[in-house]
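Here's a quick briefing to get you started. Take a look at the sequence and the structure, then read on.

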Amino acid sequence: MTVISTRKDGDVLVVTSNNPPVNALGQAVRAGLAAAMAEAASDDAIKAVVITCEGRTFFAGADITEFGKPPVGPSLPEVIDAIEASPKPVVAAIHGTALGGGLEVALGCHYRVAAASAKLGLPEVKLGLLPGAGGTQRLPRVVGVEAALPMIAKGDPIPAAAAERIGLVDKLVADDQLAESGIAFARSVSSATTHPISSARTDKLDTVLADDFFDNFRKTELRRLKGFEAPEACIEAVRAAIELPFAEGVKKERELFGKLVSGTQSRALRHVFFAERAAGKIDDIPADTPVLPIAKVGILGAGTMGGGIAMNFLTAGIAVTILEREQDPLDRGVSIIRKNYERSASRGKFTAEQVEQCMGRLTPTLDMNDLADCDLVIEAVFENMDVKKDVFTKLDSIVKPGAILASNTSYLNVDEMAAMTKRPEFVLGLHFFSPANVMRLLEVVRAEKASPAVLKTAMALAKKVGKVAVVSGVCHGFIGNRMLSPRQQAANAMLMQGITPWAVDDALTDFGMPMGPFQMADLAGLDLGWNRDASKGETIRDVLCERDRRGQKNGKGFYDYDENRRRTPSAEVEEVIAAFVAKSGQAPQSFSPEEIRNRLLFPMINEGAKILDEGMAQRASDIDTVWINGYGWPAYTGGPMFWADTIGLDVVVEGLKAFGHEVSPYLADRAAKGERFNG
Ligand code: TC6
């Protein structure tokens with residue numbers, strides 16, 4: 001297949017890429033573009049060139065699968081330099097997404113025409129990289145440093161209209177007119193004697209930046225990216241654009257790119273990129289399985305969870321009927337949904353009109369019969385099997401045949417719920433993570449009898465509402481919570497050995513987790529699940545509750561809190577722990593931060609291995625996807641299983657043995673063979 005073709009439209013050479021699915025700039029595309037530029041140069045009848053793409057998008061970047069392999073020329077920078085050096089004007093005609101190397105190609109062109117719905121961005125930073133084909137040097141020269149820095153160091157694409165405002169796009173055209181407009185634009189500039197050359201521009205670099213411009217950017221924009229190496233390298237590259245001539249800036253960029261691309265973080269983040277895409281696929285479902293239409297969703301429960309779940313569908317344009325048992329909680333639930341939308345609107349994420357459109361799709365009700373015509377009903381009621389079974393029995397009798405019934409349970413057996421219905425093939429689990437309108441993860445729990453069409457529909461729906469879906473088998477806690485449990489046990493066991501809660505929490509936050517287990521417990525409230533019956537044996541947590549240490553809500557839990565909820569270690573908690581240790585007759589232990597971390601994380605990996613062995617997860621990368629998107633595991637380590645691969649499975653096995661755990665035979669076997677979890 002020829003991925004790059006050329007045709008003449010009068011005196012304009014139209015160069016078209018056809019490299020599905022996303023026109024990634026692999027070797028054949030690069031070679032084709034270089035050849036097309038040579039063709040344009042050698043043909044006197046050609047006065048201008050248009051570069052365009054077929055299919056769903058303009059070039060979505062370098063071909064990520066080529067990273068880490070020996071490079072085959074021409075390189076992308078060489079191709080872009082050749083485009084920019086063309087004496088005949090080159091116009092990029094952009095639709096879909098011009099991303100990464102794709103935008104760098106467009107920046108090498110003399111002009112950019114974009115369809116109104118197009119998006120442009122440099123997302124390399126999300127892969128632990130920086131734009132390494134001149135993008136860090138050309139973009140600031142074209143749009144100025146203030147507009148370029150967030151695009152490069154944060155990586156979010158911008159809509160074509162915004163790109164036009166900052167001077168990145170020269171002309172915005174209607175989506176269905178891109179082809180003709182691109183050619184017409186090229187023709188209109190073909191007789192001009194000079195053309196804008198991105199690398200030679202200085203006009204936008206003249207703006208004087210405040211002394212603390214970069215520091216402010218770090219403080220305000222990069223706070224959430226703590227631990228990621230690439231954003232800092234992006235800043236360094238952009239500084240080079242200001243301080244150095246283009247050729248030297250490019251050299252600096254290339255040096256930084258080379259370091260990042262061979263580093264562990266980028267390898268991990270590239271793994272995460274492909275892991276998220278693999279997770280959406282269910283291996284044993286035939287490709288021709290139909291996706292069922294979902295136009296209306298019913299939700300049982302208008303509490304925090306039900307409301308959050310509802311927002312996903314409302315935002316995606318799907319009608320929702322939400323059911324509560326009483327008017328007050330129903331009204332409260334609806335008003336919280338509205339407040340959430342209004343807060344998003346005040347941050348510019350929605351217009352007032354969109355808020356009303358979303359709310360207009362919501363029907364609150366107290367009558368379960370109103371769910372009859374829903375295509376999918378999700379229950380988010382109290383986490384108790386008897387309550388759930390009752391709900392499924394009722395739903396089965398009310399909701400139309402062929403509709404999907406789903407449970408948002410976080411631990412319980414979905415097969416038992418399915419067995420209450422006459423349609424077990426239409427029952428599955430859809431486990432959302434709180435806050436459900438924000439967290440990206442959705443565990444799709446594959447109930448034993450769920451039909452392929454029902455599973456495929458759940459995966460397609462998840463994608464439509466912007467979730468990352470991962471399939472889990474039916475087991476207690478599914479993938480995520482099942483692995484959380486051994487970590488919690490390890491944390492509690494360490495307290496009993498005299499390790500402080502803050503030493504445990506610090507080990508996890510230093511690793512990159514947003515919170516440790518004891519900070520989390522203080523946030524949720526220690527009295528959640530408080531065992532008041534001392535005869536059953538008291539835990540440290542029970543004693544803290546008795547001492548009225550209930551967590552953040554009353555200013556003391558595992559930590560002490562000031563009026564601004566700033567925490568400090570508590571002497572009282574230390575005393576309580578010391579008393580427990582003394583009672584146990586064991587000498588208090590002291591572990592290094594690294595050992596604490598390993599004691600917490602190795603048992604999770606062991607559980608992950610069991611999950612794989614039992615076939616509860618389809619692949620190791622699915623487990624990584626769950627933990628990154630549902631629990632804040634630092635993406636730059638690639639997730640628990642990829643991290644285990646990085647440090648070596650033999651190291652994990654030895655650690656588990658030393659900590660007194662029984663090693664999963666699956667893990668032991670892979671370690672013995674020198675294999676990894678992830679391929
Ligand atoms: C860069 O450019 C560096 C330059 C410097 C060089 C010196 N390469 O996401 P989808 C595959 S770094 C290879 O499901 P969507 C993807 O794996 C790159 N493959 O589609 C999937 O394959 P599968 C900077 C790629 O419509 C299929 O295409 N660019 C690439 O939801 C469909 O993908 C980026 O980071 C690629 N670059 O979203 C952009 N991109 O079917 C990365 C996609 O076998 N891409 N694939 O599973 C995206 O953000 C999205 O794919 C999208 C389309 C928005 C373009």
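A word on the residue classes first: Ala, Val, Leu, Ile, Met, Phe, Trp, Tyr, Cys and Pro count as nonpolar, Asp, Glu, Lys and Arg as charged, and the others, Gly among them, as polar. With that sorting, the shell around the ligand splits into 13 nonpolar, five polar and seven charged residues. Keep in mind that this is a predicted model.

**Around the ligand**
- There are 25 residues around the ligand, and R56, A62, G101, R277 and K281 come nearest.
- R56 puts a polar side-chain atom 2.7 Å from an oxygen atom of the ligand.
- A62 uses a backbone N or O atom instead, 2.8 Å from a ligand oxygen atom, and G101 also has a backbone N or O atom 2.8 Å from an oxygen atom of the ligand.
- On its own the ligand has 1,000 Å² of accessible area, and the protein covers 75% of that.
- Strand 5 (97-99), helix 3 (101-108) and helix 11 (264-279) are the elements that give two or more residues to the shell.
- Helix 11 gives the largest share, three residues.

**Domains**
- The chain is divided into domain 1 (4-261), domain 2 (296-476) and domain 3 (520-584).
- The centres of domain 1 and domain 2, taken over C-alpha atoms, are 41 Å apart.

**What the UniProt record says**
- An unreviewed UniProt entry annotates residues 296-472 as "domain: 3-hydroxyacyl-CoA dehydrogenase NAD binding"; that stretch is 41% helix and 21% strand.
- The unreviewed entry also places "domain: 3-hydroxyacyl-CoA dehydrogenase C-terminal" at residues 477-561 and 597-663.
- Residues 597-663 are 70% helix and 0% strand, with end C-alpha atoms 18 Å apart.

Methods. Residues numbered from 1 in each chain as written. Predicted model: local features only at pLDDT ≥ 70, side-chain atom pairs only at ≥ 80, totals over all residues. Heavy atoms only, no water. UniProt positions renumbered as here; feature names shortened; annotations may be inferred. Helix = DSSP H or I, 4+ residues; strand = E, 2+ residues; numbered from the N terminus. Domains from an automatic or database assignment. Near = heavy atom within 4 Å. Polar contact = N/O pair within 3.5 Å; in protein donor to acceptor, adjacent residues only side chain to side chain. Areas by Shrake-Rupley, 256 points an atom, 1.4 Å probe, with all protein chains shown as cover.
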